[in-house]
Amino acid sequence: MVQLGRYVVEDRDSWYGPEYTCTICQNQFDDLSDVEEHCRWDHFWCVRCERVFVSEDSKRDHLRNSHRHHICNLCEFEVDFPSQRDLEDHLDEQHCLCEPCKRYFPSAYELGQHDIQCHNWCNICDRYFRNENNYRMHQRTHDARDEECFGCYRAFGSFSAMLIHLEAGNCSKGVSLSDIHEMAFECYQARKYTRDQNDYFPYFCPDPGCGREFRFPSALYQHVETSPSCDHLLQMPKCLAKLRRFISQRV
């Protein structure tokens, strides 16, 4: 329905029948459709809303403030998108906008690096994660499967994934969870990462600033592999690197 409103006056008492006057320019018309056509082509017309405006400024205010319009003010010719989502996609793809931060970046690459560092974005899956820990845990799914099982030669993406395989009893070598517990406590480095063997959480992260507790060796290694402040424990001569070597010799 065309919205001409106050810009059209109808005179029903005319000698020749109803007449319509455009209040913007005072031109008169015999038919309402003629007034509509006149407003479309001779005045400031909003195609989407089918409304006429008295000036370019009033139309511009309408475009900026109406929820039906989604204008890109960065394009040379202001583009009006059908939805806010379409506008955000355009700003992201064409103008490298980070919507949560309201920041523009010089290139798509720099926007991508910002999303990875600040918004936990996986650029492989195009997924965002609630926190850094979830993001790092997810990244393990993209690891190359270059960890060969000590017992059966199956390949895994990480040492912790291989330990889960052993603890679950899935290795053809017949290793079980109790065997892995026994190896962890027999290792000469055990005092650095274990508490009492009967505790519910018998393992802890040996990093001085961490100390998180775990039920299984695989959980301890999974934590260390995904924590930047603790992953130094995987390098020789740290205790978890030595435990890994000990397990490899015993399996």
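Because the model is predicted, local features need pLDDT of at least 70 and side-chain atom pairs count only at pLDDT 80 or more, while totals for chains, interfaces and linings use all residues. Residues are numbered from 1 along each chain as its sequence is written, and side-chain values use heavy atoms, with hydrogens and water left out.

Helices (H or I, at least four residues) and strands (E, at least two) are DSSP runs, numbered from the N terminus. Within β3, Gln-28 is the bridge partner of Thr-21. Five residues separate the two strands of this hairpin, and Gln-26 in the turn has a positive phi of about 70°.

**The cavity**

Next select Arg-60, Leu-63, Arg-64, Ile-71, Asn-73 and Glu-78, which line the largest cavity, of about 30 Å³. On a 1 Å grid over the protein atoms alone, a cavity is a set of points where a 1.4 Å probe fits but cannot get out, a pocket is an open set with protein on both sides within 12 Å along at least five of seven lines, and lining residues have an atom within 4 Å of a point. Grid points are joined across faces, edges and corners, and a volume is the space filled by probe spheres set on the points. Helix α2 (residues 56-65) gives the most to this lining, with three residues.

Move to Cys-96, in the loop between α3 (84-95) and β8 (97-98), which is buried, with a relative accessible area of 8%. Show its contacts (heavy atoms within 4.5 Å): not counting residues up to four places away in sequence, Cys-96 touches Leu-91, Arg-103, Tyr-104, Phe-105, Ser-107, Ala-108 and Leu-111.

Then display the largest pocket, with a volume of about 430 Å³ and a lining of 17 residues, of which Asp-92, Leu-97, Leu-111, Asp-115 and Tyr-128 lie nearest its centre. The elements giving two or more residues to that lining are α3, β8 and α4 (108-119).

After the helix comes Gly-169, whose phi is positive, near 75°.

The second largest pocket has a volume of about 180 Å³, and its lining includes Met-137, Arg-140, Ser-160, Ile-164, Gln-222 and Glu-225. Helix α6 supplies the largest share of this lining, three residues.

**The annotated spans**

Finally, colour residues 120-147 and 203-237, which an unreviewed UniProt entry annotates as "domain: C2H2-type"; UniProt positions are given in the numbering used here, feature names are shortened, and annotations may be inferred rather than shown by experiment. Residues 120-147 are 29% helix and 18% strand, with end C-alpha atoms 26 Å apart, whereas residues 203-237 are 29% helix and 11% strand, with end C-alpha atoms 19 Å apart.

Terms used:
Buried < 20%, exposed > 50% of the residue type's maximum accessible area, 1.4 Å probe, protein only. Pairing = 2+ DSSP bridges.
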